[in-house]
Each structure stands twice: as structure tokens, then as C-alpha cells.
Amino acid sequence: MQGSATAPDLIFPFRLESSGTPDRVRFTLDSPDLKLGAEPLALAVSGSLSAAGAQIDRMKLTGSGVNMEAGGAVDWSTGKQADLSLAIHHVDLSPWLSAWPAGRQLLGNIDLNWSDSGLDVPRGSLGVAGTDLAINFSAGIDVEANTVDALVDWRGLSWPLADVSPDLSSPSGQLTVKGS
């Protein structure tokens with residue numbers, strides 16, 4: 001199947017292939033000419049769907065200044081639940097953040113688990129290529145207990161990134177948030 005979807009600043013031509021039975025459908029979706037704003041991107045997704053949920057084997061978004069992969073599972077058989085992982089191989093944020101130096105690449109990994117009862121980020125890490133910046137974090141939000149528990153560690157934090165005399169500079173630190 002081929003098709004396209006459009007909206008302001010979005011052009012989404014795609015090719016969808018599927019196989020399987022009504023109980024379990026395997027799919028691949030390719031959109032090599034996705035346009036989001038001015039930048040051309042390529043999106044590729046493969047996985048499976050069933051009455052119980054979805055498995056995303058691989059979702060990859062690539063383009064000028066962007067290379068990210070994600071995967072995981074979504075279960076809607078007994079409530080809603082998702083276990084997802086994101087690998088940020090590189091993303092140039094300068095088109096969206098004016099203070100971000102053009103060509104400077106954000107890197108990182110984030111794992112998250114979401115359910116009706118809350119959100120858990122067991123681990124996450126972010127960095128910027130060519131700098132000493134390293135941010136590691138974890139967080140939990142329990143909706144039923146109305147609690148938040150988060151930890152952020154950093155090294156080499158400064159903002160703006162390119163400034164010789166940044167407005168914010170912290171060689172290392174830790175922030176803990178707990179409460180209800």
C-alpha cells in the first residue's frame with residue numbers, strides 16, 4: 001500500500017507492507033521522503049500488531065542533523081502499558097533552539113515504562129558531541145500514590161554551549177526531587 005498524508009509543514013508519503021493473520025500482523029512502513037518543515041527526513045518502522053498490543057522492532061528517523069532509533073512494546077490488553085527505548089545517535093537542535101550552536105550534536109539514550117499508574121524512566125543519558133557534558137537521569141511518577149521521585153547527575157554543564165563566558169556553568173552536580 002502506498003499513500004501520503006499532509007498537514008501544514010508536514011508531507012508524509014509512505015509505503016506500507018503487511019503480512020500475517022488477523023491475530024498477528026507484521027508490518028513495515030517506509031517514508032524516505034518525509035518533510036517536516038524544511039528538512040527532508042527518512043522514517044522506517046517495522047514491527048507487529050495484535051489485539052493485545054504492538055511490538056516496534058525498529059523505528060529509525062534519519063536526515064540532515066538527525067539520526068535516532070526507537071523500539072519497544074505497547075500493551076493494551078489489560079489497560080495501557082508501554083516499554084520503550086530511544087537511542088539518539090545525533091540530533092542538531094539549532095533549527096528549534098536559537099541558542100544551540102549549529103552543527104553541535106545531542107547524543108543519548110532513554111528507556112521509559114508508561115502505564116495507567118504512572119511513568120518510570122529507569123535510566124537516561126544525554127551528552128553533546130565535542131563537549132564534556134554528561135547528564136544521567138532517572139525518574140518515577142506514580143499517579144496512584146501521587147508521588148514523584150527523580151535523580152539528575154551532571155558533569156560539564158554550561159549554557160549557552162558555545163559561549164566562552166556562559167550564563168550558567170557547573171562542573172558537576174546532582175539534583176534529587178522527591179515528593180507528593
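Mentor: Side chains of opposite charge can pair when their charged atoms come close. Here Glu17 and Arg15 are joined by a salt bridge, with 2.2 Å from N to O. The term requires a side-chain nitrogen of Lys or Arg within 4 Å of a carboxyl oxygen of Asp or Glu. Please note that this is a predicted model, in which local features need pLDDT of at least 70 and side-chain atom pairs count only at pLDDT 80 or more, while totals for chains, interfaces and linings use all residues. Residues are numbered from 1 along each chain as its sequence is written, and side-chain values use heavy atoms, leaving out hydrogens and water.

Trainee: How many salt bridges does this rule give?

Mentor: The count comes to five salt bridges. One of them pairs Arg58 with Glu69, whose closest N and O atoms are 2.8 Å apart. Arg58 belongs to strand E5 (residues 53–63) and Glu69 to strand E6 (residues 66–75), so the pair ties together parts 11 residues apart in sequence. Strands are DSSP runs of at least two residues, labelled E and numbered from the N terminus.

Trainee: Which residue forms a salt bridge with Asp149?

Mentor: Lys178 does, the closest N and O atoms being 3.8 Å apart. Asp149 is in strand E11 (residues 147–159) and Lys178 in strand E12 (residues 168–179), so this pair ties together parts that are 29 residues apart in sequence.

Trainee: Is Lys178 buried or exposed?

Mentor: Lys178 is exposed, at a relative accessible area of 63%, whereas Asp149 is partly exposed at 41%. Buried means under 20% relative accessible area, exposed over 50%, and partly exposed in between, using a 1.4 Å probe and protein chains only.

Key
Helices (H or I, at least four residues) and strands (E, at least two) are DSSP runs, numbered from the N terminus.
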